[in-house]
Amino acid sequence: MKKNRKIIVFIKAISVTLVVAVAVVCAYFFLVRSYYPTPKSSADFTSARDYDISAPIGKVPDKYWKPAARQGTIHEVYYQGKTVKKRAIVYLPYGYDPEKKYDIVYFQGGSSSTETRYFGTPDKPGKWFRNVLDNLIMRGDMKPVIGVCSNFYDDIDAHIPASQYEALYKKYIDEIRDILIPLVESRYSTFADSVTPEAITASRGHRAFCGFSMGAAITWRVFETSLDYFSLFVPNCGGMQNPYTFHLTTDYGQQLEKSVARQGYTKDDFFIYCPVGSLDLTYNSTMTLINDLYYNCSDTFVFTRDNTKNGNITFKKMPFMTHSFYNATRYYYNALPALFPNK
């Protein structure tokens, strides 16, 4: 009997400890994180674009998760990357007509993701994201777009130390600029009249780069280096620093601000839609960058709550949302019509 009582007491002690631990974690997430204010709109900014989504992050309707009556098609292209042969997955909207011109979105997955993350493969098409995109286009919520997803890694199974990320980012972005974009846009009809650097730059207003998690970190770096090729960006759940870094710095906002002028552009030449959940593992990294941009770089990054012509960056902080591609798809459901409104 005494032994059983000891076991019961031990179990109760463990239970109380777990409850306390959960309470502490909840206090951190819901109290400490609520300190950060949501950036407000600046009214002294004008832009040629008018983004008209006035509501916060909306829930994806159940019917959008289901296969659309009119579905896009999935294709694959192979190319020689900077070091290894790679494959990219291409999504063509329903009714794709090579005689028409299409906006194009380059999608990037996160850590350990491959080129199949967004659309699957021709033999095994993806579901969540692909269904939502099909429905957005079919129901007239956004323009038809071409989607492309490629692989950040040379070897998906390779263990890459965080210290090597920056070098790999640069090589990968060069690969996208020099190899992937010319390949894809020479095969499929976009607003680029040819695949010369001049023609790609001339069509930058119809080209977006979007990435989830580590893909968001890559998206920020594409912004930093390739405004000549892209004007629209969705860094979906992620800043520019490793979220597991204990001490996050505020140097990256000024770094991005300087890059805009260095590339020869101004605040009128881009739009960013950045979402993250309050329980997301990338929350601190994202908020550190967003607050730096808002408080220290407001001459270049002008925040707007509602995606209107009053700004060039929208930030959405969603309570209780964790880090998952399912939640990222919900963010894309809201972001993509802001980038490509069907007027």
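1. Which strands does helix H3 (residues 128-138) lie across? Helix H3 lies across E1, strand E2 (85-92), strand E3 (103-108) and strand E4 (145-150), and runs at about 35 degrees to E2. Contact here means heavy atoms within 4.5 Å, while axes are lines fitted to C-alpha atoms, for helices over the stretch in contact, with angles from 0 to 180 degrees between N-to-C directions. Helices (H or I, at least four residues) and strands (E, at least two) are DSSP runs, numbered from the N terminus.

2. This is a predicted model, in which local features need pLDDT of at least 70 and side-chain atom pairs count only at pLDDT 80 or more, whereas totals for chains, interfaces and linings use all residues. Residues are numbered from 1 along each chain as its sequence is written, and side-chain values use heavy atoms, with hydrogens and water left out.

3. The strands form an open sheet of 8, in the order E1-E2-E4-E3-E5-E6-E7-E8 and with mixed pairing, where two strands pair if DSSP finds at least two bridges between them. Strand E1 (73-80) and strand E8 (313-318) stand at the edges with a single partner strand each, so one side of each is left without a neighbour in the sheet. From one strand to the next, the twist averages 15 degrees.

4. Helix H4 (residues 165-187) also has a place on the sheet, lying across E1, E2, E3, E4 and strand E5 (207-212) and running at about 125 degrees to E1.

5. Within the sheet, strand E6 (residues 232-236) pairs with strand E7 (residues 271-277) in the parallel sense over 2 bridges, and Phe-233 stands opposite Ile-272 in E7.

6. Helix H6 (214-225) packs against helix H7 (residues 252-262) at an angle of about 35 degrees, with their axes 8 Å apart. Among the residues that make the contact are Trp-220 and Phe-223 of H6, together with Leu-256 and Val-260 of H7.

7. The structure holds 12 salt bridges, each a side-chain nitrogen of Lys or Arg within 4 Å of a carboxyl oxygen of Asp or Glu. One of them joins Asp-134 to Arg-130, whose closest N and O atoms are 2.8 Å apart; both residues lie in helix H3, 4 residues apart, about one turn of the helix.
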